[in-house]
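Please examine the sequence and the model below. The paragraphs that follow lead from selected side chains to the overall architecture.

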Amino acid sequence: MTGVRLPEINVVVLSGRVTRDAELFFTQGGTAKLTVPIAVNRRVKDAKSGEWKDDVFFIDTIAWKELAERSKDKAKKGAPVVVE
């Protein structure tokens, strides 16, 4: 069908744990920026052995403005997080 435009929507939800304490910075304009590194696991079945094992992804996430300032004391190493 031509002429039909779909909305460009991408949504990512990550569930994991903070790998080190979050770091709060402020831009030159005074905007709060919180960097939160997280580890996300997924279970994968090994094709050869048939065993299940964990595959880990390390992802740097960023929170801005009020969310950054509210989250700085809670985003400590080992804390569980869900990021959307």
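A polar contact is a pair of N or O atoms within 3.5 Å; within protein, one atom must be able to donate a hydrogen and the other to accept it, and residues adjacent in sequence count only if both atoms are side-chain atoms. The structure is a predicted model, in which local features need pLDDT of at least 70 and side-chain atom pairs count only at pLDDT 80 or more, while totals for chains, interfaces and linings use all residues. Residues are numbered from 1 along each chain as its sequence is written, and side-chain values use heavy atoms, with hydrogens and water left out.

Arginine 17 belongs to strand β1, which covers residues 14-18. Helices (H or I, at least four residues) and strands (E, at least two) are DSSP runs, numbered from the N terminus. Contact means heavy atoms within 4.5 Å. Leaving aside neighbours within four places in sequence, arginine 17 is in contact with Pro37, Ile38, Ala39, Gly78, Ala79 and Pro80. Glycine 50, by comparison, is 33 residues from arginine 17 in sequence and 27 Å from it in space, C-alpha to C-alpha.

Strand β4, residues 52-64, holds tryptophan 64, and threonine 61 lies in strand β4 as well. Which backbone oxygen lies 2.7 Å from a polar atom of the side chain of threonine 61? That oxygen belongs to valine 36. Threonine 61 has a relative accessible area of 10% and is therefore buried. Tryptophan 64 has a relative accessible area of 42%, so it counts as partly exposed. Beyond residues up to four places away in sequence, tryptophan 64 touches Thr27, Thr31, Ala32 and Lys33. Between tryptophan 64 and threonine 19 there are 45 residues in sequence and 19 Å in space, C-alpha to C-alpha.

One of the residues touched by tryptophan 64 is Thr27, which is found in the loop between β2 (23-26) and β3 (32-45). Threonine 27 counts as partly exposed because its relative accessibility is 31%. Threonine 2 is 25 residues from threonine 27 along the chain, and the C-alpha atoms of the two are separated by 44 Å.

The next element is helix α1, residues 65-71, where lysine 65 has its place. Phi of lysine 65 is near 55 degrees, a positive value in a residue other than glycine. Most residues other than glycine have a negative phi. Lysine 74 is found in the loop between α1 and β5 (80-83). At a relative accessible area of 65%, lysine 74 is exposed. The C-alpha atoms of lysine 74 and glutamine 28 are separated by 25 Å, with the two residues 46 apart along the chain.

These elements can now be placed in the whole. The protein has one helix and five strands, and along the sequence they follow the pattern β-β-β-β-α-β. The C-alpha trace spans about 50 × 50 × 15 Å along its principal axes. The radius of gyration, taken over C-alpha atoms, is 18 Å, whereas a compact globule of 84 residues would have a value near 12 Å; the globule rule is 2.2 Å times the number of residues to the power 0.38. Buried residues make up 23% of the 84 residues. Among contacts between residues at least 6 apart in sequence, 53% join residues at least 24 apart.

Technical notes: Buried means under 20% relative accessible area, exposed over 50%, partly exposed in between (1.4 Å probe, protein chains only).
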